[in-house]
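Please open the structure in a viewer and keep the selection tool at hand.

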4 protein chains.
Amino acid sequence: MSELLGVAVLGAGHMGADHVRRLDGVVSGARVAAVADPDAERAKEAVGGIGGVVVHTEVEAALDAPGVEAVLIASPGEAHEEALLAAFARGLPVLCEKPMVPDSAGALRVVEAEARLGRRLAQIGFMRRYDAEYRRLKSLLDGGRLGRPLMLHCVHRNVSSPPHFTSAMLVNSSVSHEIDAARWLLGQELTAVTVLRPRPSAGAPAGLSDPQFVLFETEGGAVVDVEVFVNCGFGYEVRCEAVCEAGSARIGQAHTMVVTAAGGAREEVPQDYLVRFADAYDREVQSWVDATRRGRVTGPGTWDGYAASAVAEAGVRALETGARTPVDLAPRPALPTSSWNKRPRNT
Amino acid sequence: MSELLGVAVLGAGHMGADHVRRLDGVVSGARVAAVADPDAERAKEAVGGIGGVVVHTEVEAALDAPGVEAVLIASPGEAHEEALLAAFARGLPVLCEKPMVPDSAGALRVVEAEARLGRRLAQIGFMRRYDAEYRRLKSLLDGGRLGRPLMLHCVHRNVSSPPHFTSAMLVNSSVSHEIDAARWLLGQELTAVTVLRPRPSAGAPAGLSDPQFVLFETEGGAVVDVEVFVNCGFGYEVRCEAVCEAGSARIGQAHTMVVTAAGGAREEVPQDYLVRFADAYDREVQSWVDATRRGRVTGPGTWDGYAASAVAEAGVRALETGARTPVDLAPRPALPTSSWNKRPRNT
Amino acid sequence: MSELLGVAVLGAGHMGADHVRRLDGVVSGARVAAVADPDAERAKEAVGGIGGVVVHTEVEAALDAPGVEAVLIASPGEAHEEALLAAFARGLPVLCEKPMVPDSAGALRVVEAEARLGRRLAQIGFMRRYDAEYRRLKSLLDGGRLGRPLMLHCVHRNVSSPPHFTSAMLVNSSVSHEIDAARWLLGQELTAVTVLRPRPSAGAPAGLSDPQFVLFETEGGAVVDVEVFVNCGFGYEVRCEAVCEAGSARIGQAHTMVVTAAGGAREEVPQDYLVRFADAYDREVQSWVDATRRGRVTGPGTWDGYAASAVAEAGVRALETGARTPVDLAPRPALPTSSWNKRPRNT
Amino acid sequence: MSELLGVAVLGAGHMGADHVRRLDGVVSGARVAAVADPDAERAKEAVGGIGGVVVHTEVEAALDAPGVEAVLIASPGEAHEEALLAAFARGLPVLCEKPMVPDSAGALRVVEAEARLGRRLAQIGFMRRYDAEYRRLKSLLDGGRLGRPLMLHCVHRNVSSPPHFTSAMLVNSSVSHEIDAARWLLGQELTAVTVLRPRPSAGAPAGLSDPQFVLFETEGGAVVDVEVFVNCGFGYEVRCEAVCEAGSARIGQAHTMVVTAAGGAREEVPQDYLVRFADAYDREVQSWVDATRRGRVTGPGTWDGYAASAVAEAGVRALETGARTPVDLAPRPALPTSSWNKRPRNT
């Protein structure tokens, strides 16, 4: 299997450029075949010195470029629905960054479009599922040694929020990671959400409700609580404790080096998610490339993308009303959770 | 100051007997002068070989016994109101185990009785305020280095609950410790409470809503969440993380010895609160003896006892209704938070 | 047993004054009966407001003062031999700070004097044996769960050394704690010692060989290594790892509060031994008072004091010569390791 | 740079097969061009389903196979000298597993052969230099924030030793990793070695001196101590603490998940080096492939391979004699530590 998978990368911003670098220099078995961005200069910069990559300003042109066998969507969320449907129309396997589609109605259209194809084509970029710690936790929970999970206590902290970050975005952008992680770890849908607003931190921009405390209930009767604090000032900290019937397991407190000097024993805290989850991104893309070359889709799918959008929407309503808000999910179309492509690449 | 403070211990059950032992053999500056219990045999057993201790079956007789200068109340909660009022009537300083008085109406009567005396006589047995970890956390928060506290995340786990433990007791017995600790750490009253009931653990007795997830709001806009899980099966685990504007601090994860053997690196978890808080009990009683010999009351007082009862009552209503429940505190009588006794012992 | 043990404290320096405070206000069952120091002013300062304490400038006068039933020796090491022999002559039980007697010849004379008495009178102040962490480690090793101990890795660090601290004192003052701890933990005598001198730290005073790396061999074939670094600059850090046939156990890495703020997650390191071992000192003296009131001696004895001096002397020779140096212990006189006093106090 | 580097893998044992898998499926930018092993069946098994790989039984045939542009040597150590010289003769860049050459005389011949070429061709497989924790420690030490390093305390433990493991192999196979790591972390040569033999563990095979305690001195006056214990029974544990003038830093105590259940809070310990250092191996080979494609050699070189062999030889003598043994290094030939290849691949 020494031939390289040709990938079109849509979007050449921060995340897209990072994926171009990853596909070229980190991941085995793939090559960048095309890059598309409305800003051609930005696309060229992302390509850098990589040979044989054609740059496009239109999504469709990139998808139709010679050698393109798969698509990685890293454009802004509002552009995802169109890009996904275009990829589906061509039968191209896709890795789509989160949010799959920001509004749940659009997300549902994507689910239905894939259902009509009768086979899975899309993997959604919930990279925490590829983080070593989360995988160990998932494996521990699935193994059953600790009994049934009853509660998840989650913490999600950023040094500071980007400009124009809104109170709603603490829920639908930051907490969306915990929404997917909770669904995946528990294997359950989230059914209701409540948001508490502590008095905002002096370190938060005026008008931003930061931190927030978000509570989810699940179809199996578990409770998931999330502290989200995007201007905590000191680091990027993601923690999760799963409390089960016979024990609890905590991740996100990893340390690799303890430095004792004046002031005490200290462990460094990573400053951003690209550091904390660097390995997870690498594994995610490697895993997608490996599966795609074998004609398979193995990661989180469009239903996961839709559910995350629907829960986040309910969360924003809960934030605005202060009330416990049920989550209404559409009926789930019959999609195999992990299926063979009908048309493998090599035939 | 070499004369020993003569203490009457009311109640010779598990806790009372432990205090008798502590006053005799651990604490400096005190001696057991009398022990009262309706069951005289039990009182005698608690006294053991300690010389010069008279045993009584009536509270009043014990308080009036020769050499009694102070009272330690360790009888069941329902007997506390009468015992406190009897001590007040005699001007005797008191250390009263929690709950001060289980129902908030009775607790308020005690507050008012002490207010009428015009001086403080009673210290309530919230021993966590004397735990080294809690004191370091309090000192850190008061120092202001981390800015204003925004949230407290608390965990309170027991191996198993005693027989006849009810769902309400998770709130008004177990969580009452966190109620006082939160009020003390934040220096704020709690204003509302919500209780979530995850599906009960298979390890809990039938009918017991265990675990519960209890949320408090404070007058200053902070949020306090408490996981209470009294049949967790593996140990007595009390943790608290204070999330502030400029950092967070966690206690309750102390380790003193790491054993690496087949199966991994392991730290022991204490199995009950008498182990975890042994030093706190010693410091509490020593501190009370020291202050009393100097004619002072320095620890948590009757208002703290009342507030804990009032919040716990609201919590039980919240548990029963599933709704967010405001806490209605009576107006606080003018009581000095730390005052000299009007009638010091030695004059 | 409500009568208080009358204790004469010899030496009113830093350590003596601390013991006076401890006997008066912390320990149960004892009172300060006399204080002796060549500097009468210093002795008066140590007594402070404690009533009924007579101050002396002569050891013998203090021992003969009315109400003196036991002696706590906290004078400089050179004065210990005379004080111990004076206490023995009067049949008074003694708690003697370390070093028992700095030179091993003098130490042996004390051992022999006690042997001639035919009963134990002296406990030597190796307070680590009363530290909670060390006791857990001792208990784990004695329990046998990890098999036979093969190695001890020890670290002993101080912020900075006092003036006039010499290279030899790293061995015979600092490491003497590890010498006793190793003998006690392993239940074996140390048979040889080697000292390596890394290039001195820039933070050490000119001429001081700091840090040093000290290696002991034991009669049972174990190896004990000690890093001693008395100008490490950042804190007082005492660690010990026992490596056994079936696992290892580490102490001295306790943490009670983790503070995460700008710069990382941090645990405080205590700055001196009175903080780190405060509880151990309290327990040591309480334990000595309790045993003495029962007419017993239960702690480390004169043979332990002698062995520590003899090993430390060999260590200083090893430091000076750079060579592996055997430890020559005198034959051990027949002394019961824990015996009843022939003349209990109350008869 | 989308053309893949063709690599001949010499040796198809455990390690060679692992590298074949890594080059094919993990590392970006390389492909397996040939595999050589005296046992052709074993070579075929290692290749598995990878297309286009020719299998050889002779080293020279593999090196001369079409498409071979670089060599990865994973055959037994005794075969390394011949393989390295054959690669040098063809101007092929090499990644050679440790030990480079087991005996120091042979190792020196390799150094001299490369020196005669006038350019670097070989990287030696000291994979710890690519471990994230070791790199952070190296970076901290080089940054100078903690001052000059004075001591390294190292621990190297294996669950159990393979059959036929000898006492000498604890030094020249196990500790050889610490020898390289110490040289690299400190940037200093090791000048003397002493080996202490504690009484062997009951868990070690009869006749094996396990554990051992190995002490190195460096040209800069630092001390490096290594506990090596290859039948510790519970896991693969590699730790290192660097003690510097202004603080200490510890690695190897990383935890990623803390599980609290009956028995305490537990962290898993990896069971073997392929788990603990999996990422290091991946990074090592990726880094070598990247550098090679750019015509460079950037990792540890033949001098590092030689020095490790020379120090290990002195260590084995020290083990046998019980005496402090100086290390005699040959004069170092003039080799650039990181140089451009004279003949880049693409010209």
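Begin by selecting R157(A) and E241(B): these two residues form a salt bridge, with their closest N and O atoms 3.0 Å apart. A salt bridge here is a side-chain nitrogen of Lys or Arg within 4 Å of a carboxyl oxygen of Asp or Glu. The model is a predicted one, in which local features need pLDDT of at least 70 and side-chain atom pairs count only at pLDDT 80 or more, while totals for chains, interfaces and linings use all residues. Residues are numbered from 1 along each chain as its sequence is written, chains are lettered from A and ligands numbered from 1 in the order in which they are written, and side-chain values use heavy atoms, with hydrogens and water left out.

**The contact of chains A and B**

Next, display the whole contact between these chains. How many salt bridges are counted between chain B and chain A? The count is four. There are also 12 residue pairs in polar contact, both residues being at pLDDT 80 or more; a polar contact is a pair of N or O atoms within 3.5 Å, where within protein one must be able to donate a hydrogen and the other to accept it, and residues adjacent in sequence count only if both atoms are side-chain atoms.

On chain B, colour β7 (149-157), β9 (212-218), β10 (223-229), β11 (237-244) and β12 (247-261), the elements that each give two or more residues to the side touching chain A. Strands are DSSP runs (E, at least two residues) and helices likewise (H or I, at least four), numbered from the N terminus. The most comes from β11(B), with five residues. Contact, meaning heavy atoms within 4.5 Å, involves 34 residues from chain B and 34 residues from chain A.

**Around R129(A)**

Move to R129(A), in the loop between β6 (122-125) and α6 (132-143) of chain A. Is this residue buried or exposed? R129(A) counts as buried because its relative accessibility is 10%; buried means under 20% relative accessible area, exposed over 50%, and partly exposed in between (1.4 Å probe, protein chains only). Its side chain makes a polar contact with that of D304(A) at 3.4 Å. Beyond its neighbours within four places in sequence, R129(A) is in contact with residues including D180(A), R183(A) and W184(A).

In chain B, select E189(B) and R183(B), whose salt bridge has its closest N and O atoms 2.8 Å apart. Both of these residues are buried. In chain C, E237(C) and R239(C) meet in a salt bridge of 3.1 Å, N to O, and each of the two is buried.

In chain D, the side chains of E81(D) and R109(D) meet in a salt bridge of 2.7 Å, N to O. E81(D) lies in helix α4 (residues 80-89) and R109(D) in helix α5 (residues 104-117), so the pair ties together parts that are 28 residues apart in sequence. E81(D) is buried, at 16% relative accessible area, whereas R109(D) is partly exposed, at 41%.
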